[in-house]
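Student: I am new to this structure. Please walk me through how to read it.

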Amino acid sequence: MSSDQAQIRTYGGWRRARGMGLFGLGPMQTFALLAAITVLIVSGSIGLQTLAVAAGPCVLLVALLVLRWDGVPLSAGIAQRLRWVIGTSRGYTSYRSGVMVAGEHAWQLPGVLAPTTLLTVEDEGAGGYGVVYNRRLGTMTVTLRCAATSTWLADPDASAAWVANWGGWLANLGYLPIVDHVAVTVDTAPDPGSRLADHVGRRIVPHGPASARRVLQRLVEVSPAAAADVETRVSVTFKPGASPSKPKNHDEALEEISRSLPGLQDALGSALLRAHRPRPSQRADHLGHRADGVRPGQPR
């Protein structure tokens, strides 16, 4: 490749998440591994017969913790498979419902979403927003609806800066103990391409400059005949129990989230993702509870 050609930028350096314990294990796995080794040492000091009895289970436990399949410890894979088999045998993976359901649990979601409920946070600055609270895991999730900027007609250096800022935003999450994980959802749907023509046609005035009208009409003509309608959402899951402030109730947890969320939301702007917190819809209010613990429609 000649020196005058633009070098194509690639992004790499990805690696699997590893724990801070021995061999990349988590705290509980490291404790179990050290316990197995300690049992072997103590059994050997007692006698060979005791060591022979304890060697089998301990070596098996160490193998299940240390050996990996596709980057996942064998113990974690086997435990996940057993949970799936138990859940399938008990019918936890299926959902049956009638045409019309009435009662207290009429709006309850099925399956793994059953322990989730919707909380409404009244924020004077943001105008209020919804939080999905998982009563089983103790996590709270806020979904930010983003307006992603296209890289069309953008300078390559500017596009590289956007990607770098997005990587920096993800890296900074490691310094926030309250943030458990982040999920990005990109929803695409086919668009016939008439939206651009309609949008431009409504804004062309008959008495405008002829050259400007020709440029706009030419842009519509050369635009793709079919396009995609893209919606981007960033869901930030918080774990209030991991916060240094240790909130004692839901109100304190939501206040901690309200303090952390604006900084995360503003930092997304450096990656050209203008985000805002969507307000819960009227139907969504019926799915859960408000932040003060009062079910919608119930007197205070």
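**The core first**

Student: Which residues touch the most other members in the largest nonpolar core?

Tutor: A nonpolar core is a set of buried Ala, Val, Leu, Ile, Met, Phe, Trp, Tyr and Cys residues joined through side-chain atoms within 4.5 Å. Buried means under 20% relative accessible area, exposed means over 50%, and partly exposed lies in between, with a 1.4 Å probe and protein chains only. Here the largest core has 22 residues, and V131, M140, V142 and F238 touch the most other members. At least two residues of this core come from each of strand 3 (116-121), strand 4 (129-134), strand 5 (139-148), strand 7 (227-238) and helix 7 (250-267). Helix 7 gives the largest share, five residues.

Student: What should I know about the model itself?

Tutor: It is a predicted model: local features need pLDDT of at least 70, side-chain atom pairs count only at pLDDT 80 or more, and totals for chains, interfaces and linings use all residues. Residues are numbered from 1 along each chain as its sequence is written, and side-chain values use heavy atoms, with hydrogens and water left out.

Student: How many helices and strands are there in the protein chain?

Tutor: Helices (H or I, at least four residues) and strands (E, at least two) are DSSP runs, numbered from the N terminus. This chain has eight helices and eight strands. Of its 300 residues, 24% are buried. Contact means heavy atoms within 4.5 Å. Among contacts with a separation of 6 or more, 62% join residues 24 or more positions apart.

**Helix 4**

Student: How do I check the length of a helix?

Tutor: The expected span is 1.5 Å times one less than the number of residues. Helix 4 (residues 156-172) has 17 residues, so it should span 24 Å; its end C-alpha atoms are 24 Å apart, which agrees.

Student: Which residue caps the N-terminal end of helix 4?

Tutor: A polar contact is a pair of N or O atoms within 3.5 Å; within protein, one must be able to donate a hydrogen and the other to accept it, and residues adjacent in sequence count only if both atoms are side-chain atoms. D155 is the cap: one of its side-chain oxygens lies 3.0 Å from the backbone nitrogen of D157. Further along, S159, A160, W162 and W169 are buried in helix 4.

Student: How do I read an aromatic pair?

Tutor: Rings of Phe, Tyr and Trp (its six-membered ring) pair if their centres lie within 6.5 Å; planes under 30 degrees apart count as stacked, over 60 as edge-to-face and the rest as tilted. The ring centres of W166 and W169 are 5.3 Å apart and their planes meet at 15°, so the pair is stacked.

Student: Why might two residues of one helix point the same way?

Tutor: An α-helix has 3.6 residues a turn, so residues three or four places apart point the same way. W166 and W169 are three residues apart in helix 4, which means about one helical turn separates them. W166 is partly exposed at 23% relative accessibility, whereas W169 is buried at 5%.

**A loop**

Student: Where is S243?

Tutor: S243 sits in the loop between strand 7 and helix 7. It is buried, with a relative accessible area of 1%. Its side chain makes a polar contact of 3.0 Å with that of S245. Leaving out residues up to four places away in sequence, S243 touches I178 and E256.
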